[in-house]
Structure formats: C-alpha cells, structure tokens
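This report describes the model shown below, moving from its packing to a few local backbone features.

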Amino acid sequence: MNIPGYGNLLVNGLWTSNPGLVQLLGLCPLLAVSSTVVNALGLGLATALVLFGSNLVISLVRNHVADEVRIPVFVLVIASLVTAIELVMNAYFHDLYLVLGIFIPLIVTNCIIIGRAEAFASKMPVRVAAFDGLAMGLGFTAVLVVLGGLRELVGRGTLLDGAEMMFGPAAAAWRIDVLGADYPGFLLAVLPPGAFFGLGLLLAMKNWIDARLAAAVPSQSAAIEEPVAG
Amino acid sequence: MSAREAMRKSLLGATLLAVAAAVGVAIVAYTFEHTAPQIRENEREVLLATLNEVLPANEYDNALVDDAITVTDPEMLGTTQPVTVYRAFRGGEPVAALFTSVAPDGYSGEIRLLVGVRADGRLSGVRVLAHKETPGLGDPIEIRRSDWITSFDGRALGDPPLERWKVRRDGGVFDQFTGATITPRAVVKAVRNTLIYFERHREELFAQ
C-alpha cells in the first residue's frame, strides 16, 4: 500500500470515502443521535477522538503485535479509549453525557473504528495513521452535524438547541428559532424514520454532485487529449 | 512448524494480549480515579436539581439527597424493586416525602416518576424521571414539553374525591392528551396510589 499524502487523506475522509456517506459505516449512532445539531456534534467529536487515538496507538504497536492476536489487541485498545472518554464526558460534559447515553459506550462497536484500525492504521506510519483517524472522524462528524441540522430544522424549527450542554451556560443563547417560536414541529423528522429519509437525501445529493463532477471532468480531459489522439 | 515453535508463538501471543489488557486497564483506572469525584458531584447535583423541582430548596433544611430510605410495595408504588424515598425536614419537623414511584402500565413500559407529598398529604409536585412513551404523543408528561404534570400541584387524596382521580375520559378531573390516553392514565393512577401509600404509612416514613 502506498503512503498517501495528507491532502489525499483529508479529501478521502471528508468526501471520497466518507464513513457516513460512502462506506456507510457506523449508521446506528449516525441515525439514532442525529436528532439535533448539538447531539450530533457531541457524538461526532467523541467518535473522532476515539478514531484518532485508536489509529495512533495501533500504528504505534503495529510492528510488535503478532498477527494471531491482532484483532483482540485492537479491540482492547479501542475499548479502553472509549471507556476513558466516556468517563471524561461524564465528568465534564455531564448533560451531554446524559443525552447521548448508551451511544457513547457503543462507540466501541462502531465499525469505522475497527475498520480503520485493521485496514489502514495497522499498515501505516504513525503520523499518517493518526491524521487519517482525524480526517475520517471529521468526515463522520460532518455528516452527523448536517443530518442533525436538517432534522432539527425540519423537526423542531430550531438550530443549536441545547448548545449550553457542550459550550457552557453562555451558549444557551446560541439557539436559533429559524422557523419562528410557534413552529408546530414535524414529528417524522425527529423520529428514527426521519433519520433514514435525511440520510437518503444526503446520499442522493452526494451522488448527484459526484455525477456532475464526473460528467464535467472527462469532457474537459477529452478536449485536451483530442489533439494528441488526432 | 515444530511443536516447540508453535508453543513459543502462542506464548508470545498470550503475553502480548496480557500486556495490552494491562495497559488498557491502567488507562481506564487512571481516568476513573481522576474523574470519579467530579462524576459523583455531577450526579448529586442532577439529583438535587430534580428533587428541588418537586420541593423548593427553601422549604427544608436537611441534606435531602442523603436522607433517603427505601420502601417496597409492588401494588401501590408500581415496582417489585425497593423504591427510594427522600425525606425533607425543617427544624426536625417533617416537611415532605419524595417518592421515586413507578407507573408500571405506560404505553411502552414503565414510567418513572418523582412524586413529592407534603406532610399534610398534599402534592408538592410531580415530575417524570424517565419514560419510553411515544415522542409527540405521550411525552407531554415531561415538563419541558407541556405543563400537564403541574396539574397535580396541591392536589390530595380527597381533592378531587378518590373516584375522580382519573383522566377525563374515565370520568375524572385530569386532562388526557390528543391521541394518548394510556400514558396520562398510567401517571394519574401511579400518583394516586403513591398518595394512598403515603396515607397508610405516614408515621413510619418520617420516623427517624
């Protein structure tokens, strides 16, 4: 496997092989927690942190771990990290911890993490692996936040409701009533089916953009190549 | 591969795994040590804030969170598990008992309540601690969704009379919500049963 550059890694994580939109990994928390922007951001950042840490540690030990016990060691690393982060969130972001509940410990089972550990971090130098964890984590967070924003906006007519859970009491004022205080709400968007519809829309949008880009690029290169071929 | 070599390999693997486990435990233990006091403090604060919603902090002078007893009465308190009762005193005189009762017959499982009963048998307030009712239909029992739950404030066993301690559809005085009768019915019944329990056990509850 060639060692990719940082720019490539970033583009990969955020777009080309985005965990939420392309690899379709970790959909359970993605669908369950994306009911508001703040919930989504909280779980996204926690996942990104775990992904960064696990890629880093696994790349560090990659030459010392025998193949036979590779996976159990990875699982141990990930589980320890997640438990540590859960404790820290419980201590310093208690309200958010209460809202996210079971989905924090469940980060352990998020396939993106073991997937990146096995497919990437265990074969790459430390810095590259750590950066990949960050890029993938940010890609996952971005999808979560966009989906959370969509659902919060349509479902409740607000954005950033509950920001004080993450950013302290002053952030309570960040809440924006985009659709007015007397917006009746749209229950479907808040319920799990709304998450599926929202993700479906995002997937379609990404594919549409990719198709447009793909359609634009070949015609350009064809134009350049033509004289050569002729 | 010779038997010796295979043995060596498995021993190596086992050692690696043991080392990884030890390091993992060390990380978790270290984090736990450093976060445990803060977590305990958070949990106390959350509990106290909830208790104070049902009984304002200026009405009692004891350490409410610490003055907890447990009682068991599956029929009246809705669960076979021991129910925690927080006891509020002022100058040694009983002020209120705060029950963590359960409404066992919600639309989707148990509804956990906090029912504050003053020493004179009137409700100081009721709050929902946890529930799994349908969002948008059953969740107006939460104070952040509607003020329905405050309709219990100041009520007592004789007010309304016992046979009217029901939702309107059943001939009682408490509103139900559009599209959801089962949820409020379960809550009303649980609150009424808690009051009955309090009436029967008042003396023991406040015994020091």
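A residue is called buried here if 20 or more other C-beta atoms lie within 10 Å of its own, exposed if 12 or fewer do, and partly exposed in between, with the C-beta atoms placed from the backbone. A nonpolar core is then a set of buried Ala, Val, Leu, Ile, Met, Phe, Trp, Tyr and Cys residues joined through C-beta atoms within 7 Å. This is a predicted model, in which local features need pLDDT of at least 70 and side-chain atom pairs count only at pLDDT 80 or more, while totals for chains, interfaces and linings use all residues. Residues are numbered from 1 along each chain as its sequence is written, and chains are lettered from A and ligands numbered from 1 in the order in which they are written.

**Chain A and the cores**

Helices (H or I, at least four residues) and strands (E, at least two) are DSSP runs numbered from the N terminus, and on this basis chain A has ten helices and zero strands. The C-alpha trace of chain A extends over about 65 × 50 × 30 Å along its principal axes, and 43% of its 230 residues are buried. Two residues are in contact if their C-beta atoms, placed from the backbone, lie within 7 Å; of the contacts in chain A with a separation of 6 or more, 78% join residues 24 or more positions apart.

The largest nonpolar core holds 63 residues, and those touching the most other members are A:Ala40, A:Ala46, A:Val50, A:Val77, A:Ile85 and A:Leu144. Elements of chain A that give two or more residues to this core include helix 3 (37–60), helix 4, helix 7 (126–156) and helix 10 (192–229). Beyond its neighbours within four places in sequence, A:Ile85 is in contact with A:Ala46, A:Leu49 and A:Val50. Another core, of 40 residues, lies apart from it and has B:Leu51, B:Leu64, B:Ala97 and B:Val128 among its members. In soluble globular proteins, nonpolar side chains tend to be buried together.

Helix 7 of chain A is largely enclosed by the rest of the structure, because 24 of its 31 residues are buried. The expected span of a helix is 1.5 Å times one less than its number of residues, and the two long helices below can be set against that value.

| Helix | Residues | End-to-end C-alpha distance | Expected span |
|---|---|---|---|
| Helix 3 of chain B | 25 residues | 33 Å | 36 Å |

**Where the chains meet**

In the contact between the chains, 20 residues of chain A meet 18 residues of chain B. Helix 4 (70–92) and helix 9 (187–190) of chain A each supply at least two residues of the side that touches chain B, and the largest share, twelve residues, comes from helix 4 of chain A. With Ala, Val, Leu, Ile, Met, Phe, Trp, Tyr, Cys and Pro counted as nonpolar, Asp, Glu, Lys and Arg as charged, and the others, Gly among them, as polar, this side of chain A divides into 15 nonpolar, four polar and one charged.

**Chain B**

Domain bounds come from an automatic or database domain assignment, which for chain B gives domain 1 (1–54) and domain 2 (58–206). The C-alpha centres of these two domains of chain B lie 39 Å apart, and their contact takes seven residues from domain 1 and eleven residues from domain 2.

B:Arg118 belongs to strand 5 (residues 109–118) of chain B and counts as partly exposed because it has 19 C-beta neighbours inside 10 Å. Leaving aside neighbours within four places in sequence, B:Arg118 is in contact with B:Val95, B:Ala96 and B:Ser124.

**Local backbone features**

Most residues other than glycine have a negative phi, and most peptide bonds are trans. In chain B, the peptide bond from B:Asp159 to B:Pro160 is cis, with omega near 0°, and B:Pro160 lies in the loop between strand 6 (123–130) and helix 3 of chain B.
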